[in-house]
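Try each task before reading its solution.

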Number of protein chains: 2
Amino acid sequence: MAPKYKLTYFNLRARGELSRLVLAAGGVPFEDYRIERPAWAELKPNTPMGQMPLLEVDGQVVCQSGAIARYLARETGLGGKSSWEEAQVDMFVCGVDDLITEFCDAFFAPDEATKEERTKALGPYVTKFLGNYEKLSGSEGHLVGSSLTYADLAFFVGMHDVLKHSAGALEKYPKLAKVVESVKDNKGVAAYIAERPESDI
Amino acid sequence: MAPKYKLTYFNLRARGELSRLVLAAGGVPFEDYRIERPAWAELKPNTPMGQMPLLEVDGQVVCQSGAIARYLARETGLGGKSSWEEAQVDMFVCGVDDLITEFCDAFFAPDEATKEERTKALGPYVTKFLGNYEKLSGSEGHLVGSSLTYADLAFFVGMHDVLKHSAGALEKYPKLAKVVESVKDNKGVAAYIAERPESDI
């Protein structure tokens, strides 16, 4: 019997979206359980590390967004075709995680002045990030190899807010623009995105 | 022929130590290349993402500390015995990475007041961390399963500064104290530690 997956997180992309996209691209049905702060306050003491997202697989629980996404990528065959390819994919995913941390740090800044300062710093950060990724990316619409991996999905997640603020942000990065198109073309991803709730980050 | 490994990083534990320990525990010879800031300034523009640590395997390069450690754990058989065990190991490693981030944020604080504030916050953070890990840990001297994984090594790295500040920090956590002993008992780790240079963090 196919395992039963349940992903629990806030109604945010942030640290949950990559795992949702891996499941969607992998064509794996899952319970996309989104909770608000009061429900989280109740659940938190009974979680492994007091953190979300949480992944339940047939009732067994694991936390930490990176560990969850990597597990799901392995299970869906989106992790890379060899151990070295896995390392490269992992590197790209970690780099996007750094980018998402920058966005989250700006979004959840403790005060307006800090928020403004951090938001301003995002521009140069993104430019450097895109330059590196374009240079490292494969040219066939995939960051690594010649088929979809969760590195492409992670990049797509990372680009959400970048492209929202500046639709032409990838004009100077043809290989990366192609990666985004490859992800959008994936039927599972397209179906998921058509249905997903709106969220701030 | 066995692959040739070179790990390039500052003379710090921080983001490089876990990979060094994985190689040491795995009994894999490697070049432990430690560089100072001027050499790094020169090297930086020619690295994938302008970041260290860097791992070279027979001349091919990958960056991102997590991706490097996971790759080396796979190659040395220290990553977990099944995909689900890998996920659990990964979860523990990510949790330690969060802890190390707290320590690094305090150590590299932009000013003395921030440093003091962040250092003060470490105490409660560590207490919560240890409570979670003790609860989740296996009882055979290993966080996951019944043999050494790089989760144990990561925990050992995370405990370095905790135990330096308070040698009895694990007295109330018998399962975790046993994990530290298991790691110390590993011959490869012991030999590496006997030779490693001192560093602040």
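**Before you start.** This is a predicted model, in which local features need pLDDT of at least 70, side-chain atom pairs count only at pLDDT 80 or more, and totals for chains, interfaces and linings use all residues. Residues are numbered from 1 along each chain as its sequence is written, chains are lettered from A and ligands numbered from 1 in the order in which they are written, and side-chain values use heavy atoms, leaving out hydrogens and water.

**Exercise 1. Decide whether A:Cys94 is buried or exposed, then look for disulfides.**

*Step 1.* A:Cys94 has a relative accessible area of 11%, so it is buried (under 20% is buried, over 50% exposed, and in between partly exposed, with a 1.4 Å probe and protein chains only).

*Step 2.* A:Cys104 is in no disulfide: its nearest cysteine sulfur belongs to A:Cys94, 15 Å away. The cut-off for a disulfide is a pair of cysteine sulfur atoms within 2.5 Å. A:Cys104 is buried too, at 10% relative accessible area.

*Step 3.* Over all chains, the count of disulfides is zero. For A:Cys94, the nearest cysteine sulfur is that of B:Cys94, 8.1 Å away, and A:Cys94 is in no disulfide.

**Exercise 2. Work out how chain B is related to chain A.**

**Exercise 3. Describe the fold of chain A and find out how compact it is.**

*Step 1.* Chain A holds eight helices and four strands (DSSP runs: H or I of at least four residues for helices, E of at least two for strands). Read from the N terminus, the order is β-α-β-α-β-β-α-α-α-α-α-α.

*Step 2.* The radius of gyration of chain A is 17 Å, close to the 17 Å that the globule rule gives for 201 residues, so chain A is as compact as a globular protein of that length (taken over C-alpha atoms; the rule is 2.2 Å times the number of residues to the power 0.38).

*Step 3.* The C-alpha trace of chain A spans about 45 × 45 × 30 Å along its principal axes, and buried residues make up 51% of the 201 residues.

Key. Least-squares fit on C-alpha atoms with pLDDT ≥ 70 in both.
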